[in-house]
Amino acid sequence: MAGMKEAVWRLQAAAYASRLTLQTRYGDMDTNAHLNNTAIARLFEEVRVRSLSALHARTRGAEHGHRRAAQVMIAHLSIDYLAEGEYPEPVEGAFAILGVGRSSYRLAMGLFQHGKAFALAESVMVNLGEDRRPDAIPDALRTELESLRRP
């Protein structure tokens, strides 16, 4: 299986379906004055949570008057570190959908500074039912996910 960085589009922020700007913090630095690996994982978490929260908010209530907040869990997360991130420079986080299955979907994320990718991540998210077990993705959510898909 090819790595994330071999997909050339992944190295360009504009190729993703959505983007947001995140501010770095002094505590994100390591002893070499670069963003540490834990901070990078936290930045990816922020991209994932903000992007999915917005996505789920748009579909909440669309399925049979269902008002419960979306329940998802991470089944897989991988990060490729490509270069050093800098403090205090802001980070552009990018987000796209790679694929949608019956009860899960794959995310692509990238972190960028000065137009260059310094980290890439992939995550598999599993949709959970009321019983907290994998459940089919509702139609409204599936439509939103497909709208953010990167071919």
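**A strand residue, rings and charges**

Mentor: Val72 counts as partly exposed, at 27% relative accessibility. The scale runs like this: buried is under 20% relative accessible area, exposed is over 50%, and partly exposed is in between (1.4 Å probe, protein chains only). This is a predicted model, so local features need pLDDT of at least 70, side-chain atom pairs count only at pLDDT 80 or more, and totals for chains, interfaces and linings use all residues. Residues are numbered from 1 along each chain as its sequence is written, and side-chain values use heavy atoms, with hydrogens and water left out.

Trainee: Where is Val72 found?

Mentor: In strand S2, residues 72-81. Strands (E, at least two residues) and helices (H or I, at least four) are DSSP runs, numbered from the N terminus.

Trainee: And what does Val72 touch?

Mentor: Leaving out residues up to four places away in sequence, Val72 touches His56, Tyr105, Met125, Val126, Asn127 and Leu128. Contact means heavy atoms within 4.5 Å. Take Val126: its C-alpha atom is 5.4 Å from that of Val72, though 54 residues separate the two along the chain.

Trainee: Switching to rings. How many aromatic pairs does a search of the whole structure find?

Mentor: Three. Rings of Phe, Tyr and Trp (its six-membered ring) pair if their centres lie within 6.5 Å; planes under 30 degrees apart are stacked, over 60 edge-to-face, and the rest tilted. One of the pairs is Trp9 with Tyr16, which is tilted, at 5.1 Å centre to centre and 55° between the planes.

Trainee: Are Trp9 and Tyr16 buried or exposed?

Mentor: Both are buried.

Trainee: Why is the pair of Tyr16 and Phe112 edge-to-face?

Mentor: Because the planes of Tyr16 and Phe112 are at 75°, with the ring centres 6.0 Å apart. That pair links distant parts of the chain: Tyr16 is in the segment before strand S1 (18-22), Phe112 is in strand S4 (residues 104-113), and they are 96 residues apart. Phe112 is buried, as is Tyr16. Ring pairs link Trp9, Tyr16 and Phe112 into a cluster.

Trainee: What sits over the ring of Trp9?

Mentor: The charged end of Arg10, 5.7 Å from the ring centre. The rule asks for NZ of Lys or CZ of Arg within 6 Å of the ring centre and within 35 degrees of the ring normal.

Trainee: OK, salt bridges. How many?

Mentor: Eight. Each is a side-chain nitrogen of Lys or Arg within 4 Å of a carboxyl oxygen of Asp or Glu. Arg10 turns up again, bridging to Glu122 at 3.2 Å, N to O. Glu122 is in strand S5 (residues 116-127) and Arg10 is in the segment before S1, 112 residues apart.

Trainee: Why does Arg10 count as buried?

Mentor: Because its relative accessible area is 2%. Glu122 is buried too, at 15%. Arg10, Arg106 and Glu122 are linked in a network of salt bridges.

Trainee: Which residue does Arg42 meet in a salt bridge?

Mentor: Asp28, at 2.8 Å, N to O. Arg42 is in helix H1 (residues 37-59), Asp28 is in the loop between S1 and H1, and they are 14 residues apart. Arg42 is partly exposed at 25% relative accessibility, whereas Asp28 is buried at 1%.

Trainee: What about Arg19 and Glu92?

Mentor: Their side chains meet in a salt bridge, 2.9 Å from N to O. Arg19 is in strand S1 and Glu92 in strand S3 (residues 91-100), 73 residues apart. Arg19 counts as partly exposed, at 43% relative accessibility. Glu92 also counts as partly exposed, at 28%.
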